[in-house]
Amino acid sequence: MVNSIKGVFISCDVPMAQFIAHLNNSLPASQKFIIQVLKLDTTSMFVKPYAEEMIRDAVIKFRDENSYAKAN
Amino acid sequence: MKHSHVLLLLFVQVIVLLPLLCLSDDFVNSRATYYGSPDCKANPQFGRDINNGEVSGVSWRLWNNGTGCGACYQVRCKIPPHCSEEGVYVVATDSGEGDGTDFILSPKAYGRMARPGTENQLYSFGVVNVEYQRIPCRYAGYNLVYKIHEKSYNPHYLAILVLYVGGVNDILAVEVWQEDCKEWRRMRRVFGAVHDLQNPPRGTLTLRTGPVSKGIQLVKMPQVKIIAKNFMDMVASLPAIKLDKLYNNVFICEAILRSLPPLAKKYVLQMLYIDVPVPATMMEEWVLADGASKHRVAIDRLIQLRIFSEISDRKRGTSYSLNPTFQNNLQKHIISGGVLPREPMNSDNAIKLPSLQELETYALKQWECFLLQLINSGQGEKLTGISSSMMRIFQRGLLSQRDKDGPRLTESGFQFLLMDTNAQLWYIIREYILNAEERDVDPADLISFLLELSFHVTGQAYNLNTLTEVQNNTLKDLADLGLVKLQQGRKDSWFIPTKLATNLSVSLADSSARKEGFVVMETNFRMYAYSTSKLQCEILRLFARIEYQLPNLIACAITKESLYNAFDNGITSDQIITFLQQNSHPRCADRVPSIPENVTDQIRLWETDLQRIEMTQAHFYDEFPSKDVFEAACDFAREWRGLLWEDSKRMRLVVKSEVHNQMREFLHTQSK
């Protein structure tokens, strides 16, 4: 019988995918959110539903670390 | 051509109806022919866009008084060397009876029945024996699609046209919920799949289709809000009585004549001195064949504005005649020339008229003051005389009320700021007119006054005692907006219309006075705006960081942070780039491109940087029992446009969550 799992499908470029994988690995085993890595070049993956917000926040934080704003 | 409507909010619930009983594999014998020539894809009047032009007219038996419209059939011919086994899948879009035929196919559909390469022989037969069966219609992702018919511009009329009906279902009727009587009111089926209703209930509409039986499925349609695009469209959407009253005013007739499309203008002038109705067929002969669509557009516009009235006679067909009031007034106007109800006052020493330049700056200043107050309500003193209730009305779509901090600009508010002056002015005037009823002012009077105003000469003074009470009050509001300048002498007071007023009736397409640009953009992402206006400073602050401000110069820089701020507020990179291009300083505007490419590219890149990860709610399927089930599931998902990813080797599938329920049912049926 066909099995179905609910989650979030993520499609992105390779650097972002590596970042998400790194995020996943840094979490303790109980909180890991990647269910399946779908493509060999890791540009798509299937993650648990609650991970969507967490990934977005982590990406924004990562992006902000990289930018410099002149203090005004 | 986009017709426009008065504000209509539609919230629809649709119930899917009686499924047809025969879904068996039985084909029915019949005959089929085709219309037109094999060269054209489909009759230009219908069917070109539906189902790729593979449409058919069906006999009365199948048409069933209109309920058969939109049904899907598989039709295949029975001459083995020329016919393909599968035949063609057509949608019934019209009724038509041929020589013992059930189907009159479009040329494209007819050709599809043939084996590739043998179409010409099939065309040469003219009529062929076929067998057909009814099949469920599959419109990927939709159960039911319908649109609001253009004629619903009239607020006392609503017509809907059912476009796609998924599955094997016939729409028998559509009903509207009347809140006041607490009952469902049946809409009249006009023809085919068009249902209409006179005097639809105001406000939110709830529709349902067909008698309620098994298989109820509720589908919510997104809210539909229709707005008039310019002044003339708003005039056209007035109810019939008001429009006829408007035509009593000569200037309105003239203004409307000016706004018509060129062909319509010609028709009006040609019919101006003809008293008898002119048959429609004669009018169609006035145009060449390739002008037929323009002809239709012109006639529709004239009927919409009630300039042409249509008389249908069974013997002589339809004929058109000019609205008599309109005709008389226009005739008088042509002979006597336009005489305004008021004369410009004599320029003697008592009146000191401002020069055109001064008038221009005055108008601009007032307008900017108004806009500043619009977006900065609550801050600072009240700069204009517009009452706070009026301000709140204007702010309705643009600002959102938050409890803690003051009101914030919404996404449409930001876009409003980046529009050009004519579009902004039109938005404000439209809100003003739409609100007239709440203030006990007849919108028709207001529109006629505004149109009259547009015929006055810019820069000339007109005495205030020639105006009615209502017009006087309106004038005060218009002065605050910068459309007129009020002045007072010792004995009289007068008003002077500015360019903003005289441009009101001009359609938005041809903008006469282009404001001078003021922005110089450099390749190092620095921007210099030669402007002293506070409003422009505020606008620039939306997406750039203001470095410093000198008496005639604002120096700013476009940085990643300032752009992210703008993107967070809902502004897109295209809007920013268009704003910069439209307002670039004359020195830069001559250059090609007016904004350096590295700046535009970087703005777009920063926007796409925010969209690097695409996340969709989805379901993951694996452990398929067999390859066939997997393939079937893949095709099913693909048809519903929900397939995100598939892996044939390991038989795994990712499908969007919206399609999950249908997918589950499909898999249940498959496993049986």
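I begin with B:Ile307, which, setting aside residues up to four places away in sequence, touches B:Tyr247, B:Ile256, B:Leu260, B:Val268, B:Leu302, B:Ser321, B:Leu322, B:Asn323 and B:Phe326. Please bear in mind that this is a predicted model. B:Ile307 belongs to the largest nonpolar core, a set of 109 residues. Together with B:Phe308, B:Leu478, B:Met527, B:Phe543, B:Ile558 and B:Leu580, B:Ile307 is among the residues that touch the most other members of that core. There is also a second, separate core of 24 residues, including B:Tyr73, B:Val90, B:Ala92 and B:Val130.

Let me turn to helix packing. Two packed helices are described by the angle between their axes and the distance between the axes. In chain B, the axes of helix H11, residues 356-375, and helix H16, residues 469-481, come within 7 Å and cross at roughly 90 degrees. H11(B) and H16(B) are therefore roughly perpendicular to each other, as the range for that term is 65 to 115 degrees. On the H11(B) side, the contact is made by B:Tyr362, B:Gln366, B:Trp367 and B:Phe370, and on the H16(B) side by B:Ala479, B:Asp480 and B:Leu481. By class, the residues of this contact are five nonpolar, one polar and one charged.

My last point concerns B:Thr101, in the loop between strand E6 (88-95) and strand E7 (103-105) of chain B. Is B:Thr101 buried or exposed? Its relative accessible area is 1%, so B:Thr101 is buried. Beyond its neighbours within four places in sequence, B:Thr101 is in contact with B:Ser30, B:Arg31, B:Ala32, B:Thr33, B:Ser59 and B:Val127. The C-alpha atoms of B:Thr101 and B:Thr33 are separated by 6.9 Å, although the two residues lie 68 residues apart along the chain.

Key
Residues are numbered from 1 along each chain as its sequence is written. Chains are lettered from A and ligands numbered from 1 in the order in which they are written. This is a predicted model: local features need pLDDT of at least 70, side-chain atom pairs count only at pLDDT 80 or more; totals for chains, interfaces and linings use all residues. Side-chain values use heavy atoms; hydrogens and water are left out. Helices (H or I, at least four residues) and strands (E, at least two) are DSSP runs, numbered from the N terminus. Buried means under 20% relative accessible area, exposed over 50%, partly exposed in between (1.4 Å probe, protein chains only). Contact means heavy atoms within 4.5 Å. A nonpolar core is a set of buried Ala, Val, Leu, Ile, Met, Phe, Trp, Tyr and Cys residues joined through side-chain atoms within 4.5 Å. Axes are lines fitted to C-alpha atoms, for helices over the stretch in contact, and angles run from 0 to 180 degrees between N-to-C directions. Angles under 35 degrees count as roughly parallel, over 145 as roughly antiparallel, 65 to 115 as roughly perpendicular and the rest as oblique. Ala, Val, Leu, Ile, Met, Phe, Trp, Tyr, Cys and Pro count as nonpolar, Asp, Glu, Lys and Arg as charged, and the others, Gly among them, as polar.
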